[in-house]
Amino acid sequence: MNVKEDINYAFSLCRQCLRICGVWPDPFVPSSGSYRLNIRFILVTCILCLYVFLPQLMNMILAWGNLTRVVEYMVSVNYCLMGICKLLSTWYYGDALRMLMTSVMNNWMTSKNDRERNTMLKVTRRGRNLLLRCYMAAGCTFICYLYFNFLKFYQSMHQPVRSLVYQFSYPYFQKSPNYEITFVIQLFGGLCGGFVNTTVDSFISILTLQTCGQLINLRLALNNLVDELAKGSISSSRFKKGLAAITMRHELLIRNTKIVDDCYSIVLFIHMVAATFQLCFVSFQVFTIVKNHIDLPFSKIAFLTFYVSAVLSHLYMYCYSAERLLTESTNLVYGMYECKWYDISPKDAKDLMFIVYRSTISLKLTAGKFGTFSLELFETTVKTSIGYVSALLTLTN
């Protein structure tokens, strides 16, 4: 077994993307206890704040009263705000996430046989498939985004009043090369917003699915331990040592899940609320286009389609990984009843209650401690966003 190759397989894409943003919690770098700033992190944050979030927020305020324009600007504001919050949270909790990554590496190292490794790889493979779909949806969105913005740039190059990606009254941008530089920075800022959202969402989901794989291995190891004791293959003292090791691994997984939840709970709440409004606003734009018979270029229609797909795939990735975590943590209790606990001595059977009692508290990802991510939440979010679309359409009539 090559642990390094397995870790690279699980985190290679997230690692490279987070390194570009300057917030990768490298487990090989010792925790410093301080918040170290990286030039890439500062650059990406400043571009997102000054060249995307601020211009669109000001445009939204100035367009107040025109519902269609406000909704259009709100899409960018919401999406950029999500990216900024995720980036800041990943940087702020860098030391905690670094210790978490070290724990994940140790968990891979403690896998005792090929069966446990294959279980981890199977869960990881499912997570990577979801990641690739999210990156594909984001990549298609980026292509359409670049196409119609470069078209805008070409059309406004020789105009007396030039248009930016996100219109804002910079006092210097109308003259060359200031205009070209500002346009490129804003274009890069829009790409950074999508890149950061996709990367951090993927990172959190992979971390969650790693815990799911370890919970499956823990349940199987516990079943095998009890079955061996029931067959008389091991002594009671050896059973207690094995059970103590399983209990410690279980406590470690509980602690790892708590770290993820503590680091990203507020961010996930913002993501859930923002995703609801994102789906609402984009759907409202589509209904407005259809209702008013507005002719749009194919690139704009494709952009809206891929954008909705990206938002839905990110939300589904969170909900799927959290649902899997909830299921596997609960299955640990059910797995206890499936083993041959009735064939061992009452004294040894009582020792199993430590894990039973601890497993009654399900592991989960919360949204600001107000809700729990699950597939039911995914369904509720989509229904809620459609309900808000109906309200907005009523206001426009």
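Is Cys-319 buried or exposed in this model?

1. Cys-319 has a relative accessibility of 0% and therefore counts as buried, where buried stands for under 20% relative accessible area, exposed for over 50% and partly exposed for the range in between, with a 1.4 Å probe and protein chains only. The model is a predicted one, in which local features need pLDDT of at least 70 and side-chain atom pairs count only at pLDDT 80 or more, while totals for chains, interfaces and linings use all residues. Residues are numbered from 1 along each chain as its sequence is written, and side-chain values use heavy atoms, with hydrogens and water left out.

2. The structure holds 0 disulfides, a disulfide being a pair of cysteine sulfur atoms within 2.5 Å. For Cys-319, the nearest cysteine sulfur belongs to Cys-134 and is 12 Å away. Cys-21, which is also without a disulfide, has the sulfur of Cys-192 as its nearest, 6.9 Å away; with 3% relative accessibility, Cys-21 counts as buried.

3. The largest nonpolar core has 114 residues, among which Phe-11, Phe-203, Tyr-264 and Phe-373 touch the most other members; such a core is a set of buried Ala, Val, Leu, Ile, Met, Phe, Trp, Tyr and Cys residues joined through side-chain atoms within 4.5 Å. Helix H6 (residues 178–231) supplies the largest share of this core, 20 residues, helices being DSSP runs (H or I, at least four residues) numbered from the N terminus.

4. When neighbours within four places in sequence are left aside, Tyr-264 is in contact with Ser-89, Thr-90, Leu-97, Val-200, Phe-203 and Ile-204, contact meaning heavy atoms within 4.5 Å.

Technical notes:
Helices (H or I, at least four residues) and strands (E, at least two) are DSSP runs, numbered from the N terminus.
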